[in-house]
Amino acid sequence: MPDDPTATASAAPEGAPETASEAAATVLERADALAARTEEPGRLTRRFATPALAQAGDLVLGWMRDAGMTAHRDAIGNVAGRWAPPGLPAGAPTLLLGSHLDTVRDAGRYDGMLGVLVALAVVEGARGRDGGVPFAIEVLGFADEEGVRYGTAYLGSSVVAGTFDRSALDRRDADGIAMADALAAFGGDPAALETARRDPADLLGYVEVHIEQGPVLEAEDLPVGVVTGIAGQTRAEVVFTGAAAHAGTVPMALRRDALAGAAEWIGAVEARGRAVDGLVATVGEATVAPGASNVIPGRVALSLDVRHPDDALRDASVADLRARAEEVAGARGLHAAWTEVQATGAVTCSPGLARALETAVEDTGVRVVRLPSGAGHDAAVMARICEIAMLFVRCAGGVSHNPAEGVTAADVAVAIDVVRGLVDTLARAR
């Protein structure tokens, strides 16, 4: 995973943009450049520890260095750049800004990347303010938030927060590659992950800019909104095992069809999601074996994703769905195996930092709207070690995890102005 400064030269602008509008134009150009770094021709897919992620990181490292930042990759592959005003005294705190650089399959170009690029624009605008900011600013581009390759979200931020579960290094992707081996091939260091952990005593807070991934801001005709909290999430793998047999010779009453049982349970997942206000429950992956048209399925592995802003309600729903899986399996002569892959509790954004963000929104002349996040974000993990706040940016049609993701330069300019204003507010308060 060597840094390649030559790969970034053509993408970096000459000099720092003077206005938020100019900075927003650069953000959108850079988002286009990052979108070209993909594993799959014709669509954007950039998973953890892949050459495409390394190429995207090279671009960001180059832009960071052009902005006068010291920049590096850490042991998990996060990209990090640090800027400190001249004369900053030893022991001064650090404000963290950023988001993630990995994507889902067939992704849009703003989920994650927008937060990294807006943060970079803010640092570029802060250059030349000798002594005006009494803290350092670091921009983080996390190596894995989506969890596509290994089913474990927040790998990058969990290493920074010191919450990484080392047993995840044994997990294997669809090609059978262990995470530890993939990370080593990527240029990371599985044995040195603890070196990337940040000391909470050094941190002023973490602020993440992200597309809303929903329709509220568009309905309110507002460019940005302040996030109040992030829903908790449980991910699990559920495997139904029956007996593979000939599709033409086994009577229906004597079958142990794993797929039929899985289908019944998927219906129960949807029903639970509809029955509990605020709950969302999703089966997004299914692997059927043997996978032949004339063979009764003998094994089906499913993913489960359950989210709710109330952890107690989420936990109760997960327990109910686990019991329902066992009930369905028992009635059909199947075996149901349940493995919890990951659980992240709901997080409330820090009142003080969120209020400072609201002040910055008000100072731009935009009406403040507060809204929760049903999607997970690195901020939920960073809340383990510091105060957090999030700013949502309006996205076209509320669409995300889709090539149709869209933002306007005008809205991005507002977001840049807001985060610049936040830096000023925090500077005045110290």
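**Exercise 1. Work out which strands form the hairpin around Gly77, and how they pair.**

Start with the turn: S1 and S2 form a hairpin with five residues between them, and Gly77 in that turn has a positive phi of about 105°. Strands here are DSSP runs of E with at least two residues, helices runs of H or I with at least four, all numbered from the N terminus. Next, look at the pairing: S1 (residues 70-73) and S2 (residues 79-83) run antiparallel over four bridges, where pairing requires at least two DSSP bridges. One partner of note is Gly81 in S2, bridged to Ala71. Finally, check the faces of S1: Ala71 and Arg73 lie on the covered one, Thr70 and His72 on the uncovered one.

A word on the model: it is predicted, so local features need pLDDT of at least 70 and side-chain atom pairs 80 or more, while totals for chains, interfaces and linings use all residues. Residues are numbered from 1 along each chain as its sequence is written, and side-chain values use heavy atoms, leaving out hydrogens and water.

**Exercise 2. Decide whether Thr103 is buried or exposed, and list what it touches.**

Then take its relative accessible area, 2%. Buried means under 20%, exposed over 50% and partly exposed in between, using a 1.4 Å probe and protein chains only, so Thr103 is buried. Last, collect its contacts (heavy atoms within 4.5 Å): leaving aside residues up to four places away in sequence, Thr103 touches Leu44, Thr45, Arg46, Met113, Glu146 and Val148.
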